[in-house]
Amino acid sequence: MSATPATSATSFTVPFDPERPDLTADTDIQNEIFIQVFNSGDGELFNRLYLDDSISNFSGEPLTGADRLAFFKEFLASKPTLEARVTHSYVAGDVALIGVEYAIDSTGPDGAPVRLEGVCTDVLRKTEDGRWLMAIDRPVAATGLVADQ
């Protein structure tokens, strides 16, 4: 992992290359990088944690490519904050299965605070260049967003 360039507007406690992020095989570091990038509010940077063909169900429907990027940019623009705790992690070759409990604090359209809570199942895949990136991101909300629909 290389250090974050000095030009970055956000300082990260776990350094990584924002142009070529690597979630790593180390679950604790992976979780911290994911949280840092989410909390940065930068939807484009957050999308770089995902493979091009990755699927994210965070919006309540499976999104990939340009649709996934557009959702991340819009949702993260309000700078919600994520807390996440890894509950389990299994690595088999170039695939990792991660379970996470999460909570996201945000603001609704009316300005009122919104808290999203739930569990997430993530599948990461090791790329040919050795980086670990998100292949499937499937949060299941117990409160907020999808749970309220």
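**Aromatic pairs and model confidence**

The structure contains eleven aromatic pairs. The model is predicted, and the mean pLDDT of the chain is 88. Two of the pairs, Phe38 with Phe75 and Tyr50 with Phe72, are described below.

**Phe38 and Phe75**
- The ring centres of Phe38 and Phe75 lie 6.3 Å apart, and the planes meet at 55°, so this pair is tilted.
- Phe38 belongs to helix 1 (residues 27-40) and Phe75 to helix 3 (residues 65-76), so the pair ties together parts that are 37 residues apart in sequence.
- Phe38 and Phe75 are both buried.

**Tyr50 and Phe72**
- For Tyr50 and Phe72 the ring centres are 5.1 Å apart and the planes are at 45°, so this pair is tilted.
- Tyr50 sits in strand 1 (residues 50-56) and Phe72 in helix 3, so the pair ties together parts that are 22 residues apart in sequence.
- Tyr50 has a relative accessible area of 4% and is therefore buried, the cut-off being under 20%.
- Phe72, with a relative accessible area of 3%, is likewise buried.

**Cluster**
- One aromatic cluster is formed by Phe34, Phe38, Phe46, Tyr50, Phe58, Phe71, Phe72 and Phe75.
- The residues of both pairs described above, Phe38 with Phe75 and Tyr50 with Phe72, are among the members of this cluster.

**Confidence**
- A pLDDT of 70 or more is reached by 89% of the residues in the chain.
- Residues 1-9 have a pLDDT below 50.
- In the model this stretch, residues 1-9, has 17 contacts beyond near neighbours in sequence.

How values were computed. Residues numbered from 1 in each chain as written. Predicted model: local features only at pLDDT ≥ 70, side-chain atom pairs only at ≥ 80, totals over all residues. Heavy atoms only, no water. Phe/Tyr/Trp six-rings, centres within 6.5 Å; stacked < 30°, edge-to-face > 60°. Helix = DSSP H or I, 4+ residues; strand = E, 2+ residues; numbered from the N terminus. Buried < 20%, exposed > 50% of the residue type's maximum accessible area, 1.4 Å probe, protein only. pLDDT = per-residue confidence, 0-100. Contact = heavy atoms within 4.5 Å.
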